[in-house]
Each structure stands twice: as C-alpha cells, then as structure tokens.
Amino acid sequence: MSALGKGEETGENMGSSSFMERALEQARLAEARGEVPIGAVLVHEGVVIAADGNRTIELSDPTAHAEILVIRQACAKLSSQRLPQCDLYVTLEPCPMCAAAISFARIRRLYYAASDIKGGAVENGPCLFEQAICHHKPDIYSGFHESEAATLLKEFFKEKRD
C-alpha cells in the first residue's frame, strides 16, 4: 500500500518545499482515486520513508487519512511507536484525530500547506497542541505551497457540487 516511488531512499535531502511538493503529488493521486485530495510524506533524517494520500473510501476506513497512513508506515518501517526524529509534511491542516496521532507519535516537526478553518485542529478549532491533555507538541510550520493545496481542494469540492 506504500505510495513511495523510485529513488525514495537515496538519502538526498530535498528541503521543505520539495517535501511538500511530494505531499501534493500524493494529494493528486488521492484525487485520481476519488478521495479527498490530501497527501502526506514522513521524513526521517532527510529521507522520505512514507508517502500516501487519503484512502478512506478505498479502504472503507474513516481513519485512513493521509497522516495516519504515513505514521503507520513509518512506525512499521522504524519498528517503533514513536517518531521523534521525523518530520511530517501534509497538504492540509490536520484534523483532531490526526493531530492527536502526531502528538502520540512524538513527531518532531509538522509542516502543512493550507489551513482548515472548519476541520483543522492545529491553529484552528480545538488547537489540540495547546491543550493540557496534549503530551507532545511538534514544531509547527504552515503555508508551504498553501495556494496550490487550497486550490486543489476547492476545485475538488466544486466539481463534487456541480
């Protein structure tokens, strides 16, 4: 089920913008499968170790968000329930479920493209990482390729309404 392509484990440090571009590729692949176009990549020591997009419809699983899928893949690959040396790149601000998983996995840094005013839980909604119940808060960076990610989502939902 991994969506990694050729040359993933070259050790090449692509940089934040390139990692977000990879997440956007995963979002487009999700859209092609009829899923909400959200993609994520998880990076360990500068190397993409997991990449995927939403698969809730394909897997008949409401938890099969891109973030959850890459966290599962990375944990399996690293044989650990915690990912403290890992950075997550995702095309949309994580929802409450995904934000909690990011915290539980102890992910070091979270990069996301577009804000989600209705369903986000990082800088919108419950602001999960600011709650007393949250045991770990990643460093958070937003706005990488924001307009591209937002446009992808807006066009997807516009087409669904038409």
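## Sheet

In what order do the strands of the open sheet lie? The order is E2-E1-E3-E4-E5, an open sheet of 5 strands with mixed pairing, where two strands pair if DSSP finds at least two bridges between them, and where helices (H or I, at least four residues) and strands (E, at least two) are DSSP runs numbered from the N terminus. Strand E2 (47-53) and strand E5 (139-142) stand at the edges, and because each has a single partner strand, one side of each is left without a neighbour in the sheet. From one strand to the next, the twist averages 15 degrees.

Strand E1 (residues 39-44) and strand E3 (residues 86-92) run antiparallel and are joined by 5 bridges; Leu42 has Leu88 in E3 as its bridge partner. Helix H2 (residues 66-78) packs on the sheet, where it touches E1, E2 and E3, and its direction makes about 140 degrees with that of E2. Contact here means heavy atoms within 4.5 Å, while axes are lines fitted to C-alpha atoms, for helices over the stretch in contact, with angles from 0 to 180 degrees between N-to-C directions.

## Ala105

Ala105 lies in the loop between helix H3 (96-104) and strand E4 (109-114). Ala105 counts as buried because its relative accessibility is 3%, the classes being buried under 20% relative accessible area, exposed over 50% and partly exposed in between (1.4 Å probe, protein chains only). Leaving aside residues up to four places away in sequence, Ala105 touches Ile71, Gln81, Arg82, Leu83 and Pro84; Arg82 is 23 residues from Ala105 in sequence, yet their C-alpha atoms are 4.4 Å apart.

## Pockets

A pocket is an open set of points on a 1 Å grid over the protein atoms alone, where a 1.4 Å probe fits, with protein on both sides within 12 Å along at least five of seven lines, and lining residues have an atom within 4 Å of a point. The largest pocket has a volume of about 260 Å³, and its lining includes Leu92, Asp116, Lys118 and Glu146. Helix H4 (residues 146-161) gives the most to this lining, with 3 residues.

The second largest pocket holds about 170 Å³ of space, and among its lining residues are His65, Glu67, Leu92, Cys95 and Asp116.

## Basis of the model

Residues are numbered from 1 along each chain as its sequence is written, and side-chain values use heavy atoms, with hydrogens and water left out. In this predicted model, local features need pLDDT of at least 70 and side-chain atom pairs count only at pLDDT 80 or more, whereas totals for chains, interfaces and linings use all residues.

Conventions. Grid points are joined across faces, edges and corners, and a volume is the space filled by probe spheres set on the points.
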